[in-house]
2 protein chains.
Amino acid sequence: MEARVVTSACSFNPDKMAKNPLFESPHMFFDVYCLKPGQAQKVHVHYGSDKVYYVLSGSGHFTIGDQEATYGPGTAVMARSGQPHGIRNDGPDDLMALVVMAPKP
Amino acid sequence: MEARVVTSACSFNPDKMAKNPLFESPHMFFDVYCLKPGQAQKVHVHYGSDKVYYVLSGSGHFTIGDQEATYGPGTAVMARSGQPHGIRNDGPDDLMALVVMAPKP
């Protein structure tokens, strides 16, 4: 069975945000993003793919389209195809977030 | 911004497992499944779509293909296109799991 303990798969990189793959298929990727305080994935856009974030721990400052908001553990955020999106760790603690994108761009 | 507090979206049904939609698009659905003790989604199969479960709380007994295993919070499980799969709450507590399927069948 393909099973992954998410926190065990989460590694941090002191130099930049780390994307840690959990599962991948032609239909999706399913990652855990690990961000030290101040690290970010800059705002970017995909066409034809949707992305969902789910905050596991820490504080994520999201930009989706022309909106910005900060969410903590337990909140899921959707970025639809064509919507510029990004995430920044704006808190004092490490940030971990599940990220699914479908289809894989 | 499309943001959802997952536990707030989770409702239970005393009669059967509850699927609570969080986000939906042509490329995926992203739900939270809420199962009282003993409730289950029976083993079934999709062709052309993959599904990932992520256990938020409680104890999930998974069947994927010909394998069975029980996982608690923090574990993600993959069911690929064509693999029979199901989940049962085999613990004493409520079970909540994120479920993403791509593409939407």
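Predicted model: local features only at pLDDT ≥ 70, side-chain atom pairs only at ≥ 80, totals over all residues.
**Stop 1: a hairpin in chain A**

Start by selecting residues 18–24 of chain A, which are strand S2, and then residues 29–35, which are strand S3. These two strands run antiparallel, and six bridges join them. Together S2(A) and S3(A) make a hairpin, with four residues between them.

**Stop 2: a glycine in a loop**

Next, pick Gly48(A). Which strands does its loop sit between? Strand S4 (40–44) and strand S5 (50–57) of chain A. Is Gly48(A) buried or exposed? It's exposed, because 10 other C-beta atoms lie within 10 Å, and a residue with 12 or fewer counts as exposed.

**Stop 3: where the chains meet**

Show both chains and look at the contact between them. It takes 32 residues from chain B and 32 residues from chain A. On the chain B side, several elements each supply at least two residues, including strand S1 (2–5), helix H1 (6–9), strand S5 (50–57) and strand S10 (95–102). If you color that side of chain B by residue type, you get 21 nonpolar residues, seven polar and four charged.

**Stop 4: the symmetry**

In general, two copies of a chain are related by a rotation about an axis and a shift along it. Here, a rotation of 180° with 0.0 Å of shift along its axis puts chain B on chain A, with an RMSD of 0.0 Å. The copies are therefore related as by a two-fold rotation axis. Which residue of chain B comes closest to that axis? Select Ala102(B): its C-alpha is at 3.1 Å.

**Stop 5: a sheet built from both chains**

Now follow an open sheet of six strands, in the order S1(A)-S8(B)-S5(B)-S10(B)-S3(B)-S2(B), with antiparallel pairing. At the edges are strand S1 (2–5) of chain A and S2 of chain B, each pairing on one side only. As you step across the sheet, the twist averages 20° from one strand to the next.

Zoom in on the place where the chains join up. S1(A) and S8(B) pair in the antiparallel sense over four bridges, and Val5(A) has Thr75(B) as its bridge partner in S8(B).

**Stop 6: the nonpolar core**

In soluble globular proteins, nonpolar side chains tend to be buried together. The largest nonpolar core here has 62 residues, and Ala97(A) and Ala97(B) have the most contacts inside it. Select Ala97(A) and look around: among the residues it touches are Tyr33(A), Tyr53(A), Val55(A) and Ile87(A).

**Stop 7: two cis bonds**

Finish in the segment after strand S10 (95–102) of chain A, where you'll find Pro103(A). Most peptide bonds are trans. The one from Ala102(A) to Pro103(A) is cis, with omega near -15°. Hop over to chain B, and a cis peptide bond joins Ala102(B) and Pro103(B), with omega about -15°.

Key:
Residues numbered from 1 in each chain as written. Chains lettered and ligands numbered in written order. Pairing = 2+ DSSP bridges. Buried ≥ 20, exposed ≤ 12 C-beta atoms within 10 Å, placed from the backbone. Contact = placed C-beta atoms within 7 Å. Nonpolar A, V, L, I, M, F, W, Y, C, P; charged D, E, K, R; others polar. Least-squares fit on C-alpha atoms with pLDDT ≥ 70 in both. Axes fitted to C-alpha atoms, helices over the stretch in contact; angles between N-to-C directions. Core = buried A, V, L, I, M, F, W, Y, C linked by C-beta atoms within 7 Å. Lists of a residue's contacts leave out its neighbours within four places in sequence.
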